[in-house]
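Reader: Hey, I've got a protein model open and I'm a bit lost. Could you walk me through it?

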Amino acid sequence: SLTWSTYTAVMKNKCAHPKAKLVLRIATDDSKAVCSLSVKFGATLKTSRLLLERAKELNIDVIGVSFHVGSGCTDPETFVQAISDARCVFDMGAEVGFNMYLLDIGGGFPGSEDAKLKFEEITSVINPALDKYFPSDSGMTLIAEPGRYYVASAFALAVNIIAKKLVLKEQTGSDVEEESSEKTFMYYVNDGVFGSFNCILYDHAHVKPLLQKRPKPDEKYYSSSIWGPTCDGLDRIVERCLPEMHVGDWMLLENMGAYTVAAASTFNGFQRPTIYYVMSGPTWQLTQQIQNRDFPPEAEEDAGSLPVSCAWESGMERLPAACASARLNV
């Protein structure tokens, strides 16, 4: 099936794919979403009627409706209105002569626990709206696009400090040299906004680095900024108050699975990060058995501390013992 929302698209489909089954995408009020999509795609209700009539004239099969409330939806009621509008378009389709049976409610679902709008808050309004406008006995096929929901928390990004710069900011009102200068630090890491952190520019992400070394209770914090490795002054990741760190230290950033590596570039010659998969020992063994089509009798797993196994992204080759020696408590 193909999704469309313009006259040009329906004519193109008629020429290139006359037997394709089409899904009409409608516009939504995604003004409260982090990333608006209806500014580019989606037909209004008035236009939808005209498009359906044109598709019928061209003998093109329209099987359903899709919409997207915008990436990073912050108002669950947007789904309710979109589902209601979809019902209107289904009724229009029936009047024109289509037997429509597919509804795609798109994405916009959160993928981390710290999201402003929880997944449960969205489903608590979606389900009643679906029951009202598309009851279970209507024979409707319902699909969604929960990409961020599935992958955001599945990946964490580890970055290494490759350079450090001390900046002394002079303060007035003190004759003592050490007291008259306020320390600030600039840290340069091996990934930036042209790589995995492009989510800052395009997805309006707010990243929170976790330090490899736990700060001491009495450790002093300094105004700090973290920068990517490229030559561009735009390549600033975040500004935070941090304890003093050093070249070679690591920082971890959680919830980096959505809209990160997928849109990363190799600007300035810096390569995309290598991806490692980490899983429990028994899970690793099971994947190997599936690959080798070797399924032994089921065995009970030890509920205690299980060894962790890692694999390269390419070929799922096992990493050295240094990686496998780590442990995961479950």
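This is a predicted model: local features need pLDDT of at least 70, side-chain atom pairs count only at pLDDT 80 or more; totals for chains, interfaces and linings use all residues.

Reader: OK, and how many helices and strands does the protein chain have?

Author: The secondary structure comes to 8 helices and 14 strands.

Reader: How are the strands arranged in the open sheet?

Author: Five of them, in the order β1-β2-β3-β4-β5, form an open sheet with parallel pairing. β1 (2-4) and β5 (141-143) stand at the edges with a single partner strand each, so one side of each has no neighbour in the sheet. On average, neighbouring strands here are turned by 30° against each other, ignoring direction.

Reader: Can you zoom in on one pair?

Author: Take β2 (residues 21-25) and β3 (residues 61-66): they pair in the parallel sense over 5 bridges. In that pair, Leu24 stands opposite Val65 in β3.

Reader: Which helix packs on the sheet?

Author: That's α3 (residues 77-96), which touches β2, β3 and β4 (102-104). The direction of α3 makes about 170° with that of β3.

Reader: Switching topic: which residues have the most contacts inside the largest nonpolar core?

Author: Phe67 and Leu103, in a core of 36 residues. β2, α2 (45-57), β3, α3 and α4 (119-133) each supply at least two residues of this core. α3 gives the most, with 8 residues.

Reader: What does Leu103 touch?

Author: Leaving out residues up to four places away in sequence, the contacts of Leu103 include Val65, Phe67, Phe90, Leu130 and Ile143. Apart from that core lies another one, of 20 residues, among them Cys199, Ile200, Ile237 and Leu253.

Reader: Last one: how much of the accessible surface belongs to carbon and sulfur atoms?

Author: The accessible surface of the protein chain comes to about 19800 Å², and 52% of it belongs to those atoms.

Note on methods:
Residues are numbered from 1 along each chain as its sequence is written. Side-chain values use heavy atoms; hydrogens and water are left out. Helices (H or I, at least four residues) and strands (E, at least two) are DSSP runs, numbered from the N terminus. Accessible areas come from the Shrake-Rupley method with a 1.4 Å probe; for residues, only the protein chains shown count as cover. Two strands pair if DSSP finds at least two bridges between them. Axes are lines fitted to C-alpha atoms, for helices over the stretch in contact, and angles run from 0 to 180 degrees between N-to-C directions. Contact means heavy atoms within 4.5 Å. A nonpolar core is a set of buried Ala, Val, Leu, Ile, Met, Phe, Trp, Tyr and Cys residues joined through side-chain atoms within 4.5 Å. Buried means under 20% relative accessible area, exposed over 50%, partly exposed in between (1.4 Å probe, protein chains only).
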